[in-house]
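Hello,

Here is the structure I promised to pass on to you. Please open it alongside this message, and then read on for what turned up in it.

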Amino acid sequence: MGHLTLVAVMAALFTLFVETEANPFVYNYERLRIGGLVFACLLIVGGISILLYNRCSRRNKKAEDDNSEI
Amino acid sequence: MGYGRSDSYRVATTQDKDEKESPKKKGGKDLDDLKKEVPITEHKMSVEEVCRKYNTDIVQGLTNAKAAEYLARDGPNALTPPPTTPEWVKFCRQLFGGFSILLWIGAILCFLAYAIQAATEDEPAGDNLYLGIVLSAVVIITGCFSYFQEAKSSKIMESFKNMVPQQALVIREGEKMQINAEQVVAGDLVEVKGGDRIPADLRIISSHGCKVDNSSLTGESEPQTRSPDCTHDNPLETRNIAFFSTNCVEGTARGIVVCTGDRTVMGRIATLTSGLETGKTPIAKEIEHFIHIITGVAVFLGVTFFILSLILGYSWLEAVIFLIGIIVANVPEGLLATVTVCLTLTAKRMARKNCLVKNLEAVETLGSTSTICSDKTGTLTQNRMTVAHMWFDNQIHEADTTEDQSGSSFDKSSTTWVSLARIAALCNRAVFKAGQESLPILKREVAGDASESALLKCIEDKNKKVAEIPFNSTNKYQSDKHYLLVMKGAPERILDRCSTIMMQGKEQPMDDEMKEAFQNAYLELGGLGERVLGFCHLFMPEDKYPKGFAFDTDDVNFQTDNLCFVGLMSMIDPPRAAVPDAVGKCRSAGIKVIMVTGDHPITAKAIAKGVGIISEGNETVEDIAARLNIPVSQVNPRDAKACVIHGTDLKDLTQEQMDDILRNHTEIVFARTSPQQKLIIVEGCQRQVLYSHANNQNPKLCGLLFCQGAIVAVTGDGVNDSPALKKADIGVAMGISGSDVSKQAADMILLDDNFASIVTGVEEGRLIFDNLKKSIAYTLTSNIPEITPFLFFIMVNIPLPLGTITILCIDLGTDMVPAISLAYEAAESDIMKRQPRNPLRDKLVNERLISIAYGQIGMIQALGGFFAYFVIMAENGFLPSVLVGIRLNWDDRSTNDLEDSYGQQWTYEQRKIVEFTCHTAFFVSIVVVQWADVIICKTRRNSVFQQGMKNKILIFGLFEETALAAFLSYCPGMDVALRMYPLKPSWWFCAFPYSFLIFVYDEIRKLILRRNPGGWVEKETYY
């Protein structure tokens, strides 16, 4: 399921970028901007989910002392 | 401020370490005077002499008029609070201390450059102005941040204070009156009773079973008897002086006040403490060293290019602006914030493990510590007398002395034990305080004498007493309603009264064999440093003592000899459970643990052996002498690794002898030391020549090196420890049992009183030192790709590849989170197995770190950035060959037909858009190469594959910096606000090969370093 979403997102991004590159003289900066911002948002979401995942799993099993705990 | 309260004076809490105010005006002589022993002589005078000296009367006390006169002359009986640092001074210290200075100089230079530009050019570029403003803002914000951090811990300090004003019962003009302790003057007749705090230094003139708890002054756990006779020349040892702010535990006493306020023994210690000057923290020294290096590099680069630009034909003013530009570009803007946040995070982590750090910089100090001088009472021990051993049925039984009753117990089935327990219960005036039924017995509070409390906790029983006769201070007997005579006291005196002994519940005649067994047991228990009590009883024959027999305790009308000896019980203040383990860990971490206590040598030695300060199998000179049966003088002191030094011997030692002792013995116990001597010991330790492996991870490389100036930690809880706590590089006080004075003097407070937390402190300190190195290496690396564009701009006249704004975006934006995340990095190897850092050799930042960051990784990064720059320029039509030398035309507003390599014409505005797109691309490239940089900075020796990517914050940092870069590039409006333009996706990948190169390069370097310990690579690149 996770992989499927990932592939879908990648495909959407890819088409966005491919389309911007389609015409060498008229560059679609609007599309580029949107693509870039979506990319940034995804990264942020990814980053935060890594932090939160860490938190949740810690709560589940009081595992060994993790140094990177906030 | 809590006037009238004996020890609620306050030392300015934070940052006092490098304070240099008060002592100067008082002068060093005064301080030396304070270091000497107490000048009290009243204990040797007779009561009449004392009365005469203070113009007082032994019955009537002072007259009110006299008292008022003395009060006006001597001032109130309270400790003068030492000068506190005003809040604004503390704030300024945060603003202008250490690292901030570097940034301030940078900011001033920026404003200077802007002023020059404004004066000479029509339309000056605002870059320098912005940079100056940003630099100032960074310093101010970071300053505020650390100020509030420290204010928070000082607030916790405030909460320790107890503001209840102290009362004292004085007799003036023959009338007893309750007055504020502050009003007590020298000569006053004062009465104290159990539970009171002694209001001033008293010469006792009469007492009834008075005992005082001197543990905070002398470190003795046992309450001391006070009586009117002089028993010792030393005022601290004699029985007829009671000291200000110690507690009267039981009994009553009457005394004449001989000293008040700052002139008391406590007052002298407090003044000594607040007058002590202490040096900079090790981390502050390291940061200073780092600033020197950075400034050196900056000035060197600046001057070189200043001369080069003059040779190239720039004007003087332009060259000066370049000079300033280059110097400022070397300032790592983000590092101040990074270091502060890293230290704060560690401080937080330590606070969670119950180590409260008062001064942020002290976080690291424990990590560098090579010697720990620890107090005994209350620090290593529980400060609670507990029954440790018992001797009955001709056998020594061991009692459970652990804090949580987890230890094994002895066999309680013998009837002798029942008798023994009964006697202990009967000969006991201690009672549990009410309302503690839910608590375990050991945790309950007890009212009464410490040794009786110990007995009470050991046995649980109650019988009714008929008569109780304090026979003398150590020997008393009590009888219950079955007319059982019970007695406890000094074993040899109890034995004298006995003719039989109880074995397995049966009385047997006391023969010589039994007596010898008793002597052996007594000696053995005494040798363990324990306080031994003997117990005996006698069933009173009913015909002689019928029911209702009137026992006369004054004129003893009953049998008090030919009793039946039951057993011995011995008590000690047992070590805390976690201490032996912690001492062992300190040992393996190369830290020397020394015990410095006010208690008696035998007890001190027993506890030292118990906790491993004197390890098993190590002997003192005395032990060797005893074993070989030769006089002590014939033993070679070098043969003994351990030694126990008495305070009186310490007095006669010269500095050289002292150094000799500290150097030649690994396991040292100082006993019977005064607060002043504790201070001298700490100074001696700090003077130590420390032999250590310079680079312990690699013993082959280093051999033995030595350096001066060991870093000393002191732990303690009493007032007597506070001068040493203050003088130490890091003073560690106890949060629960510690006195206020000691907490104020310390840099770190163990909130749970657990000595083991020190090990946590050492671990965290060492870890943060390593991780700061990594953070700094990471942050410094990006300096090179930030400076080189400007250098090339000057040297080869290309359009500027990277602007000031983008530099700030890196330093204060994308680099921040990854740099901070390195503080969360786990240790590479077992940091508790290596020797402490050698402050002379193992620097926070050394040339090797600069060489790696600037010379190697930084250069590759710069290549990556320039590659992206030339790619974009070329894609737009400017091939590198046209770019060189194009600068003057490029930056000329009036040139609107600049031709590129293909003959296309560019207007000024179009050119600038391309230039700023290049800035953005350069910026993004730096982010990309910094990915690799943060990963290689995770480790200094191990491969990343060994270390793993467990640091979640670091992964988050990678995502965050990339997202921030994308956001800055793509967000609409950025072209106006920061002049950053959207990049085509392909431009992101320009720096990828360089990123990969950095990773591979460093992995190979570390591989060689690991494979070839001590080799060239290690010598030149291991930072």
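A word on domains before we start: their bounds here come from an automatic or database domain assignment. In chain B that gives domain 1 (42–67 + 165–275), domain 2 (284–341 + 762–1021), domain 3 (355–381 + 577–690 + 708–753) and domain 4 (386–549 + 558–572).

Two notes on how to read everything below. This is a predicted model, in which local features need pLDDT of at least 70 and side-chain atom pairs count only at pLDDT 80 or more, while totals for chains, interfaces and linings use all residues. Residues are numbered from 1 along each chain as its sequence is written, chains are lettered from A in the order in which they are written, and side-chain values use heavy atoms, with hydrogens and water left out.

Domain 1 against domain 3

The C-alpha centres of domain 1 and domain 3 of chain B lie 31 Å apart. Their contact (heavy atoms within 4.5 Å) takes 14 residues from domain 1 of chain B and 18 residues from domain 3 of chain B. The size of an interface is often given as the accessible area lost when the parts come together. For this pair of domains the buried area (the accessible area, with a 1.4 Å probe, that two parts lose on being put together, summed over both) is about 1300 Å², and carbon and sulfur atoms give 55% of that. Ile269(B), Leu272(B) and Thr273(B) supply 34% of the area that domain 1 of chain B buries against domain 3, more than any other three residues.

How many salt bridges are there between domain 1 and domain 3 of chain B? The count is one, where a salt bridge is a side-chain nitrogen of Lys or Arg within 4 Å of a carboxyl oxygen of Asp or Glu. Over all chains, the same rule gives 35 salt bridges. One of them joins Lys678(B) to Asp375(B), with the closest N and O atoms 3.2 Å apart. That pair links distant parts of the chain, 303 residues apart: Lys678(B) is in helix α23 (residues 675–687) of chain B, and Asp375(B) is in the loop between β9 (371–374) and β10 (386–392) of chain B. Helices (H or I, at least four residues) and strands (E, at least two) are DSSP runs, numbered from the N terminus.

Chain B against chain A

Now to the two chains. Here 28 residues of chain B are in contact with 23 residues of chain A. The area buried between them is about 2300 Å², of which carbon and sulfur atoms give 71%. On the chain B side, Lys952(B), Phe959(B) and Tyr970(B) lose the most area to chain A, together 25% of what that side buries. Three elements of chain B give two or more residues to that side: α12 (335–352), α36 (952–970) and α38 (985–988). The largest share, ten residues, comes from α36(B). Between chain B and chain A the count of salt bridges is zero.

A helix to look at

Finally, find helix α10 (residues 282–311) of chain B. This helix has 30 residues and reaches 44 Å from its first C-alpha to its last, close to the 44 Å expected at 1.5 Å a residue; the expected span is 1.5 Å times one less than the number of residues. Just after α10(B), Gly313(B) takes a positive phi of about 100°.

Happy exploring!
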